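Please keep the sequence and the model in view while reading.

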Amino acid sequence: MHVGSPSVNDTFINDALASDDYLARLNLSVRARNILFRLGIKSNEQLAQVKPDVLLRQRNCGRKTLAEIMDLIETLPIQRVCEPPPPKPHFSSDIQSLGLSVSATDALRRLGVDTTSELATTADEELLGMKAGLANLVGIRERLWDFFVTTEEAQTLLDDKNPAEYLRLSVRATHGAHALKITNVGELAAVRNHQLLELPNMGKKSVCEIHTKLLKYFVSGDSADAKERQPLPNSPKAFVEKLLAELPQDLRDVLVRRFGLWNRKPEILQDIGDSRGCTRERIRQLESKALAALNWPGNQRIVRRFLDRLYKKHFLHVLQKGYGIATEDELRSVFLSLFAQPQEGISVERLLSKAFWNSDSLYDKCCLEAQSGVFTTNEKLRREYLDTVSMVEKRLARAKKPVPISNLLAIIQNGRLQVANGTVARILQVAPSLQTDDKGLCGLSQWRYMRPKTLGDMIVRALVEIGKPAHFTQLTMHINEKFSPQAPLSPRNVHARLLYGQETFVWQSSGVYGLSAWGLKKAPFVKDRLVQILKSARQPMALSQIVKKVLETCHCNEHTPAAILEAHGELFVRLDKGIYGLKEWASA
């Protein structure tokens, strides 16, 4: 050591004295002076260069102390020299740029995280795992944010005008953003840490959450322009899987089990709660949270693109094939054909409907609805559909019976509506309030004949088509052929319904029934008819005369009257060969 040169210890002591002397002249609390003393602040120029993030990393530096020091810096009487800023780094740099410890850097590399952009998209669960062993996760996230604000890409995030809801912040962080009157992503990215920490119920963990989601939003391309550039998955199943992949694992599992996705059986809240060791109310809250997380503005735009593609590639062909008109069942069959199993498509339809459209149908949002369950390609065709249906309904209401389709086509063509015959025929076929049959008739759906729903309606339809009283076995064959070929009815069921509906069906003979609307009356029993005939004659009659009169009203063979006359000796008596009378006459 040279004679007269100061030692290292002397230099340290002199710096400490200079710092203490400088800080003593400032109007600061003891805690603030101690923090600045540890940083070695000796002049106004050094104090002006202190950043809030550096102060927050110091021991015992809280929100009040930070605000005290920052207020003092704003009042310093110094002239700031404008120097050309140094070149800004790129965000996608090696993680060594963060200045982490050797152990933390090695732990990140073991996870396969080599760049800052990879770290921004890595989940907290992976960083806190046994393989990583990272204890100070909040500190690492804040180091990453401090590095990001110095990069060239930071200005892109500051200029982002998308709603702050795109970030999917927690309730506490959302309340903090609302307290600062922040409406978009760029405004939130420009907020300083001390502004957030001054808010009630906002700590370092909440600030870290905001910065982490801002970085993930930027790196993963969740901005509006980036979403528009991303290609959509080829299949609806892959599309829904991509939406669900953005949710936390617990929320994703609840939706999969509740809606029975991917060939699972839908489960009730109680069963899911029992398997997870919580109440059904907690599962309901998780389900609501998951549906709300799906229905965020970014996903709404993606779903709109998905519906547009679904309409152009699949639904438009069905509509054009039906003269620009299609039913919901026709569109649903096309949608379900895009899945390996129809049940998968039904579950996906229910999930999208509840998450994005408040339980409205997918087809209502994808196509133009003309009437409940009927869709058209454009507004002009929709008006033609409604006008045609209204005209036909009024005509049928006046007729009070089915009208041939050919007559309706002629009426429409002669009227003020200029609609093609093919379009009219399609409207008559799909309109819910109208019904056509295979005989070319059209009627109102509320008429039992046009749309039989019960077994009684089917019997009425069968009798009308046969046109005369028929045996119940004949009616059964007609009903099975027309209405239920896959699950045939039993003649016993048809016969029981005929016996039950005596107001509608009239018994004519053994097993033969007609309609009361035809003006038919129930045929008398042969025995009662024999008594009537003899009483009206007031004298014995020949068997040939009796049989002729019985066959006029009763459906039986010619031998039945003779057998009944012989079997009922308490009522009838044979006076001579082939001559019969009433027994009460003989006693008189």
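## Loop residues with positive phi

Arg-538 counts as exposed, because its relative accessibility is 74%, where the cut-off for exposed is over 50%. The model in which this residue is described is a predicted one. Arg-538 is found in the loop between helix H30, residues 526-537, and strand S10, and its phi is near 65°, a positive value in a residue other than glycine.

Asn-201 can be described in the same terms. Its phi is near 60°, again a positive value in a residue other than glycine, and Asn-201 lies in the loop between helix H13 (193-197) and helix H14. With a relative accessible area of 61%, Asn-201 is exposed.

## The chain as a whole

The chain holds 33 helices and twelve strands, and of its 588 residues 41% count as buried. Among the contacts in the chain with a separation of 6 or more, 55% are accounted for by residues 24 or more positions apart. The accessible surface comes to about 33100 Å², and 52% of that surface belongs to carbon and sulfur atoms.

## Strands S10, S11 and S12

Strand S12, residues 579-582, pairs with two other strands described here. With strand S10 (residues 541-542) the pairing is antiparallel and runs over two bridges, and Met-541 has Tyr-580 of S12 as its bridge partner. With strand S11 (residues 572-576) the pairing is likewise antiparallel, over four bridges, and Tyr-580 is also the bridge partner of Arg-574.

Which residue takes a positive phi in the hairpin of S11 and S12? In this hairpin, which has two residues between the strands, Gly-578 takes a positive phi near 80°.

Three strands form an open sheet in the order S4-S6-S5, with antiparallel pairing. Strand S4 (403-404) and strand S5 (434-436) stand at the edges and each has a single partner strand, so one side of each is left without a neighbour in the sheet. S4 and S6 pair over two bridges, and the bridge partner of Pro-404 in S6 is Leu-441.

Met-450 lies in the loop between strand S6 (441-444) and helix H27 (455-466). Met-450 counts as buried because its relative accessibility is 2%, the cut-off for buried being under 20%. Not counting residues up to four places away in sequence, Met-450 touches Pro-402, Gln-435, Thr-436, Asp-437, Leu-441, Cys-442, Gly-443, Leu-444 and Arg-461. Met-450 and Leu-434 are 16 residues apart in sequence, and their C-alpha atoms are 8.5 Å apart in space.

Is Thr-105 buried or exposed? Thr-105, which is found in helix H6 (residues 102-110), is buried, with a relative accessible area of 9%. Leaving aside its neighbours within four places in sequence, Thr-105 is in contact with Ile-95, Gln-96 and Leu-100.

## The largest pocket

About 1900 Å³ of space lies in the largest pocket. Its lining is made up of 50 residues, of which Leu-167, Arg-168, Lys-213, Lys-216 and Pro-248 lie nearest the centre of the pocket. The lining residues divide into 23 nonpolar, ten polar and 17 charged.

Several helices each supply at least two residues of this lining, among them helix H7 (116-121), helix H9 (137-148), helix H11 (171-179) and helix H19 (280-294). The largest share of the lining, eight residues, comes from H14, the helix that spans residues 204-219.

Definitions and conventions. Residues are numbered from 1 along each chain as its sequence is written. This is a predicted model: local features need pLDDT of at least 70, side-chain atom pairs count only at pLDDT 80 or more; totals for chains, interfaces and linings use all residues. Side-chain values use heavy atoms; hydrogens and water are left out. Buried means under 20% relative accessible area, exposed over 50%, partly exposed in between (1.4 Å probe, protein chains only). Contact means heavy atoms within 4.5 Å. Accessible areas come from the Shrake-Rupley method with a 1.4 Å probe; for residues, only the protein chains shown count as cover. On a 1 Å grid over the protein atoms alone, a cavity is a set of points where a 1.4 Å probe fits but cannot get out, and a pocket is an open set with protein on both sides within 12 Å along at least five of seven lines; lining residues have an atom within 4 Å of a point. Grid points are joined across faces, edges and corners, and a volume is the space filled by probe spheres set on the points. Ala, Val, Leu, Ile, Met, Phe, Trp, Tyr, Cys and Pro count as nonpolar, Asp, Glu, Lys and Arg as charged, and the others, Gly among them, as polar. Two strands pair if DSSP finds at least two bridges between them.
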